[in-house]
Amino acid sequence: TEKQADVVVIGGGGAGLAAAVSAHQNGASVIVLEKMPRVGGNTMISGASYNAVDPKRQEAQGIEDSVDKHFQQTYEGGDKLGNPELIRILVDNAYPTIEWLESMGMEFKDTLHTVLGGLWPRAHAPVEPLGTGFINTYMNYIKENNTEMEVLVNTEATELIMENNKVIGVKAKSPDGELILKSNNGVIIATGGFAGNVEMRDEYNKNWPSLTNLKTTNHPGATGDGLAMAKAIGANLIDMEQIQLLPMGDPNTGSLSGNIEQGVENRIFVNKSGNRFVDEGARRDVMTKALFEQENSFMWVILDSHSYPTGDVRNHFNESIDELVTEGRAYKADTLEDLAKQIGINPENLVEAVNKFNSCVETGKTDEFGRTLYQFKIDTAPFYAGARVPTVHHTMGGIQINTSAQVLDNNGKVIPGLYAAGEVTGGIHGTNRLGGNALADISVFGKIAGENAAKNNQ
Ligand code: ADP
């Protein structure tokens with residue numbers, strides 16, 4: 001079977017759906033291919049923090065910030081490996097893209113937060129749980145425009161079709177057999193990263209101990225398909241060895257769900273002996289490296305009722321602390337000693353770790369691990385603990401693009417008709433993606449890719 005549209009988008013995650021909507025807003029008919037039975041990708045299961053310098057909300061909270069600071073932290077946070085031009089686009093467009101989402105009905109909370117490894121309080125949280133607000137906003141738009149837009153689920157792109165060195169379509173496997181999708185203007189690759197592809201992780205991993213037995217926070221469709229398809233037609237892949245781990249995986253599933261932390265300021269990490277071992281406001285790679293050095297690469301997140309004033313308060317994954325405790329995924333106690341006993345760590349060590357931490361909260365001084373981010377002491381019952389291990393989270397490397405989201409070949413030349421956006425691209429986050437920058441990246445560059453593919457008439 002053959003189908004035709006102005007723009008064909010491969011992947012129905014946050015990047016792909018942003019691209020689809022923006023392509024349509026710029027006059028294109030659009031077909032989205034999604035290999036899983038439903039759209040949403042990682043956005044659907046993420047904490048959905050979105051970094052943007054936001055004059056309105058930050059001023060109300062008394063937070064000083066600037067787009068240049070966002071730029072600097074992103075560039076330096078990735079050890080200056082990221083492309084400054086792409087980072088500029090990211091930080092300049094982060095807030096306008098929030099306004100774009102709001103113009104389509106999406107709601108963000110008024111209060112901003114610092115997300116794990118995010119380095120600054122500029123993370124926006126959607127009102128709807130997890131990333132459903134993003135996906136629902138795009139899907140509502142697509143439904144309202146269903147005469148010119150179509151989403152095909154259970155449909156896996158397998159190959160890009162070239163003619164005269166130009167991408168003109170995509171081959172796909174659908175439940176009804178092979179499908180040929182012809183694109184009048186362009187194809188956008190938005191297939192995400194490869195954190196869920198163990199062989200590919202092993203092939204490219206250079207910076208970590210073996211990742212073979214680690215789990216991932218990602219959805220099962222994050223298998224790097226788009227990287228293979230793009231490479232096969234000569235696209236340049238960069239920084240593929242830059243694989244991000246988080247110290248926040250569920251020990252059984254690797255997923256982020258069950259993570260009890262609310263904001264970086266109000267929790268500590270302790271190892272199986274009940275001792276702290278790292279600055280819990282540090283970069284993600286720094287924290288994860290430190291965790292690998294602890295017994296069984298295992299830690300407990302410890303916090304108190306400042307994070308959960310009542311038992312029905314929910315974490316970033318829409319789970320209430322009471323639910324987690326009932327399910328045995330978190331522990332609750334009236335004293336730190338009792339908490340330590342429940343989780344089998346040395347009570348004296350835990351009490352001492354918390355006391356030392358509390359005295360730093362009081363003075364605001366940098367502590368022995370270099371921590372500077374504090375808000376409340378851990379001193380008000382109930383106290384909570386949750387277990388966490390290293391997990392594979394994000395692949396910073398990928399397809400090289402320019403500031404118009406056009407795909408480049410090995411000689412730095414644009415491949416006509418081909419665009420890419422989201423985690424499948426490389427060159428923005430360098431060695432280390434800041435927490436809260438992924439949603440901003442995939443939304444900003446998804447929108448740009450859609451605009452440019454729609455306008456392309458090469
Ligand atoms: P991003 O954050 O960049 O949007 P995600 O991983 O969240 O990346 O989303 C990528 C989406 O692309 C997922 O929904 C995934 O199932 C889908 N996908 C991956 N490979 C293919 C493929 N070969 N064909 C169609 N869809 C794909």
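This is a predicted model: local features need pLDDT of at least 70, side-chain atom pairs count only at pLDDT 80 or more; totals for chains, interfaces and linings use all residues.
A search of the whole structure finds 11 aromatic pairs. One of these is formed by Y50 and F134, whose rings are stacked, with a centre-to-centre distance of 6.2 Å and an angle of 10° between the planes. Since Y50 belongs to strand β3 (residues 50–51) and F134 to helix α5 (residues 132–144), the pair ties together parts of the structure that are 84 residues apart in sequence. Y50 and F134 are both buried. A further aromatic pair, that of Y308 and Y384, is edge-to-face, with 5.7 Å from centre to centre and 70° between the planes. Here Y308 is placed in the loop between β12 (299–303) and α9 (321–326), while Y384 is part of strand β14 (residues 383–395), so that this pair ties together parts that are 76 residues apart in sequence. With a relative accessible area of 1%, Y308 falls under the 20% limit and therefore counts as buried; for Y384 the relative accessible area is 1%, and this residue is buried. Ring pairs also link Y50 and F134 with F108, and the three residues form a cluster.

Charged side chains are found over aromatic rings as well. K272 lies over the face of F298, at a distance of 4.8 Å from the ring centre. In the case of W100, it is the charged end of K447 that sits over the ring, 5.5 Å from its centre.

Around the ligand there are 25 residues, of which E34, N42, H219, D225 and E423 come nearest. By residue class, the shell around the ligand consists of eight nonpolar, 12 polar and five charged residues. On the backbone, an N or O atom of G14 lies 3.2 Å from an oxygen atom of the ligand, and a backbone N or O atom of K35 is placed 3.1 Å from a ligand nitrogen atom. From the side chain of H219, a polar atom lies 2.9 Å from an oxygen atom of the ligand. The ligand taken alone exposes 580 Å², and the protein buries 99% of that area. The elements that contribute two or more residues to the shell around the ligand are α1 (14–25), β6 (156–163) and α7 (225–232).

N271 has its place in the loop between β11 (268–270) and α8 (284–292), and, at a relative accessibility of 10%, N271 counts as buried. The side chain of N271 reaches the backbone nitrogen of S273 at 2.9 Å, and a polar contact of 2.9 Å joins the side chain of N271 to that of Q294. E199, by contrast, is exposed, because its relative accessibility of 63% is over the 50% limit. This residue lies in helix α6 (residues 198–204). Between the C-alpha atoms of E199 and T212, which are 13 residues apart along the chain, the separation is 7.9 Å.

Technical notes:
Residues are numbered from 1 along each chain as its sequence is written. Side-chain values use heavy atoms; hydrogens and water are left out. Rings of Phe, Tyr and Trp (its six-membered ring) pair if their centres lie within 6.5 Å; planes under 30 degrees apart count as stacked, over 60 as edge-to-face and the rest as tilted. Helices (H or I, at least four residues) and strands (E, at least two) are DSSP runs, numbered from the N terminus. Buried means under 20% relative accessible area, exposed over 50%, partly exposed in between (1.4 Å probe, protein chains only). A charge sits over a ring if NZ of Lys or CZ of Arg is within 6 Å of the ring centre and within 35 degrees of the ring normal. A residue is near a molecule or strand if one of its heavy atoms lies within 4 Å of it. A polar contact is a pair of N or O atoms within 3.5 Å; within protein, one must be able to donate a hydrogen and the other to accept it, and residues adjacent in sequence count only if both atoms are side-chain atoms. Accessible areas come from the Shrake-Rupley method with a 1.4 Å probe; for residues, only the protein chains shown count as cover. Ala, Val, Leu, Ile, Met, Phe, Trp, Tyr, Cys and Pro count as nonpolar, Asp, Glu, Lys and Arg as charged, and the others, Gly among them, as polar.
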